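The sequence and the structure come first.

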Amino acid sequence: FKAKDLSVCTVHNDDIIKLCTSSGTQGSLSIVPRDEITLMNFLSSITSLFPSLLGLDRTGNHRAVILGPSADEAGDIWFSYAMACLTLQVTAEYCEKNSFFDIDYAVETIRSAINNNEDLIIVGPPFRILEVCQKIKSIKNWPSISMKSYIISAGGWKNRQREAIDKEAYRAKVAASFATPQPSQIRDCYNMVELNSVLLECEHHKKHIPPWLEVQARDPSSNSVLPDGKNGILAFFDASSVSYPCFILSED
């Protein structure tokens with residue numbers, strides 16, 4: 001995907017409705033073509049799987065606070081687009097405009113919603129969620145979020161890898177700052193621009209694989225498939241993609 005002039009399109013160019021790009025944090029871009037079927041399959045996977053794994057009502061009573069831009073403002077940058085799509089079924093507030101993250105607006109929006117007894121879904125990369133946590137620590141009498149609220153990290157640490165902490169330490173910081181009633185309210189999800197599905201954690205912090213997706217761990221030295229329980233390079237076979245061959249050997 002990152003090779004110059006390499007075409008990975010498997011439909012006619014006229015059928016492509018979105019050229020999705022990576023954030024380029026490693027210095028090179030992936031450009032992935034999506035037609036209407038492929039994009040709708042991605043959106044459908046979110047709207048069908050997320051309510052079941054989070055236990056959300058179909059009535060859409062939750063309010064989302066996105067620590068990033070809206071899908072329209074994100075344009076072709078896949079991470080921001082996918083993050084915005086996570087909240088298709090609920091009313092959402094976006095805290096980044098013109099590439100500026102307004103942390104004061106984010107914190108005040110969250111606090112106002114909690115005081116109004118609203119159930120929240122807060123979505124953002126882990127480093128941004130921790131920025132909000134740091135801001136919350138300076139506020140006296142911060143209210144506890146509701147039992148049905150969730151804080152979902154997405155996208156990893158990107159170019160903030162020096163700030164990365166392990167999963168347990170991250171969840172402990174978030175739980176302490178947001179005063180979450182239970183640890184299952186803090187979740188993580190996995191996706192990348194080349195993959196047409198999102199993997200979301202359940203309440204036990206295990207990521208669930210949808211039935212149209214096969215995932216393998218491969219030996220980094222031989223590329224051979226490893227048995228269950230062994231760490232390796234992740235490979236994906238995603239049947240929801242029509243417009244490009246979604247057989248991916250990742251760098252994760």
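## Helix 3 and its burial

Helix 3 has W78, S80, Y81, A82, M83, A84 and C85 as buried residues, where buried means under 20% relative accessible area, exposed over 50%, and partly exposed in between (1.4 Å probe, protein chains only). Because seven of its eight residues are buried, helix 3 is largely enclosed by the rest of the structure. Helices (H or I, at least four residues) and strands (E, at least two) are DSSP runs, numbered from the N terminus.

The model is predicted: local features need pLDDT of at least 70 and side-chain atom pairs count only at pLDDT 80 or more, while totals for chains, interfaces and linings use all residues. Residues are numbered from 1 along each chain as its sequence is written, and side-chain values use heavy atoms, with hydrogens and water left out.

## Helix pairs

The axes of helix 1 and helix 3 come within 10 Å and cross at roughly 45°; axes are lines fitted to C-alpha atoms, for helices over the stretch in contact, and angles run from 0 to 180 degrees between N-to-C directions. The two helices are therefore oblique to each other, given that angles under 35 degrees count as roughly parallel, over 145 as roughly antiparallel, 65 to 115 as roughly perpendicular and the rest as oblique. On helix 1, L39, F42, L43 and I46 meet W78, Y81, A82 and C85 of helix 3, a contact being heavy atoms within 4.5 Å. This contact of helix 1 with helix 3 has eight nonpolar, no polar and no charged residues. In this classification Ala, Val, Leu, Ile, Met, Phe, Trp, Tyr, Cys and Pro count as nonpolar, Asp, Glu, Lys and Arg as charged, and the others, Gly among them, as polar.

Helix 4 and helix 5 (residues 126-137) also have axes that come within 10 Å, crossing at roughly 70°, and are therefore roughly perpendicular to each other. I103, D104, V107 and I110 of helix 4 make the contact with E131, V132 and K135 of helix 5. By class, these residues divide into four nonpolar, no polar and three charged.

## Nonpolar cores

A nonpolar core is a set of buried Ala, Val, Leu, Ile, Met, Phe, Trp, Tyr and Cys residues joined through side-chain atoms within 4.5 Å. The largest has 37 residues, of which F42, W78, I152, L195, L200 and F236 touch the most other members. Helix 1 (36-54) and helix 3 (78-85) are among the elements that give two or more residues to this core, and helix 1 gives the most, with seven.

Leaving aside residues up to four places away in sequence, I152 touches L54, I121, I122, V123, G124, I129, R187, C189 and L200. A second, separate core of 25 residues includes V107, F127, I145 and F178.

## The sheet of strands 11 to 13

Three strands form an open antiparallel sheet in the order 11-12-13. Strand 11 (213-218) and strand 13 (247-249) are at the edges with a single partner strand each, so one side of each is left without a neighbour in the sheet. Strand 12 (residues 233-238) pairs with strand 13 over three bridges; pairing requires that DSSP finds at least two bridges between two strands. F236 stands opposite I248 in strand 13.

## Positive phi angles

Most residues other than glycine have a negative phi. N98 has a positive phi near 55° and lies in the loop between strand 5 (96-97) and strand 6 (100-101). N98 is exposed, with a relative accessible area of 71%.

N117 has a positive phi of about 60° and is located in the loop between helix 4 (103-115) and strand 7. N117 is exposed, with a relative accessible area of 69%.
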